[in-house]
Amino acid sequence: AIALSEMAMSGKLGCEVDISKVPAEGGISDNNLLFSESHARFIVTVSADKADEIIDSIDVDAAIIGEVKGDSLVIKKDDETIVDLAVADLDDAYHGVIEKYMA
């Protein structure tokens, strides 16, 4: 979730992902899937016409879990929205928070 947030803020673009599409062994909980640093995971953004080619070329579990679109970070599970935050709100919460409280 943090990596998705940082990517959205950096690109000033929203995204919509469905965590039920993330390859995960052993029934990992939603919280661990979204926030744990226990497993190496990568988020790669590629054009839609290259996605299948890239997934087929690597030798690890991989899946298309969403797309870049809109101006909000939307995280779903089985098409039920569990997070919906505007990229601008994420940026405000991430940058300058300490300064706001020290003023």
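These entries cover strands, core, surface and salt bridges.

**Ground rules.** I'm looking at a predicted model, where local features need pLDDT of at least 70, side-chain atom pairs count only at pLDDT 80 or more, and totals for chains, interfaces and linings use all residues. Residues are numbered from 1 along each chain as its sequence is written, and side-chain values use heavy atoms, with hydrogens and water left out.

**Strands.** I took helices (H or I, at least four residues) and strands (E, at least two) as DSSP runs, numbered from the N terminus. I called two strands paired if DSSP finds at least two bridges between them.

I began with β1, residues 15–18, which pairs with β2, residues 66–68, in the antiparallel sense over three bridges. There, C15 has V68 in β2 as its bridge partner. I then found β1 running parallel to β3, residues 72–77, with four bridges joining them. On that side D18 stands opposite K76 in β3.

Next I followed β3 to β4, residues 80–86: this pair is antiparallel, with six bridges. S72 is bridged to A86 in β4. I also checked the hairpin of β3 and β4, which has two residues between the strands; D78 takes a positive phi near 50° there.

**Core.** Which residues touch the most other members of the largest nonpolar core? I found L4, I19, L34, L73 and I75, out of 14 residues in that core. Elements giving two or more residues to this core are α1 (2–11), β1, α2 (30–35), β3 and α4 (87–94). The largest share, three residues, comes from α1. For the record, a nonpolar core is a set of buried Ala, Val, Leu, Ile, Met, Phe, Trp, Tyr and Cys residues joined through side-chain atoms within 4.5 Å. Buried means under 20% relative accessible area, exposed over 50%, and partly exposed in between (1.4 Å probe, protein chains only).

I looked at L4 by itself too: leaving out residues up to four places away in sequence, L4 touches C15, V17, I43, L73 and I75 (contact means heavy atoms within 4.5 Å).

**Surface.** I moved to the loop between α2 and α3 (48–57), where F42 sits. F42 counts as exposed because its relative accessibility is 74%.

**Salt bridges.** I counted five salt bridges, using a side-chain nitrogen of Lys or Arg within 4 Å of a carboxyl oxygen of Asp or Glu as the rule.

How far apart are the closest N and O atoms of E16 and K69? I got 3.5 Å for this salt bridge. The pair links distant parts of the chain, 53 residues apart, with E16 in strand β1 and K69 in the loop between β2 and β3. Both ends are partly exposed: E16 has a relative accessible area of 24%, and K69 has 38%.

K69 also meets E67 in a salt bridge, 3.7 Å from N to O. Salt bridges that share partners join E16, E67, K69 and K76 into one network.

My last stop was E53 with K50, a salt bridge whose closest N and O atoms are 3.9 Å apart. E53 and K50 are three residues apart in helix α3, so about one helical turn separates them. I have K50 down as partly exposed, at 39%.
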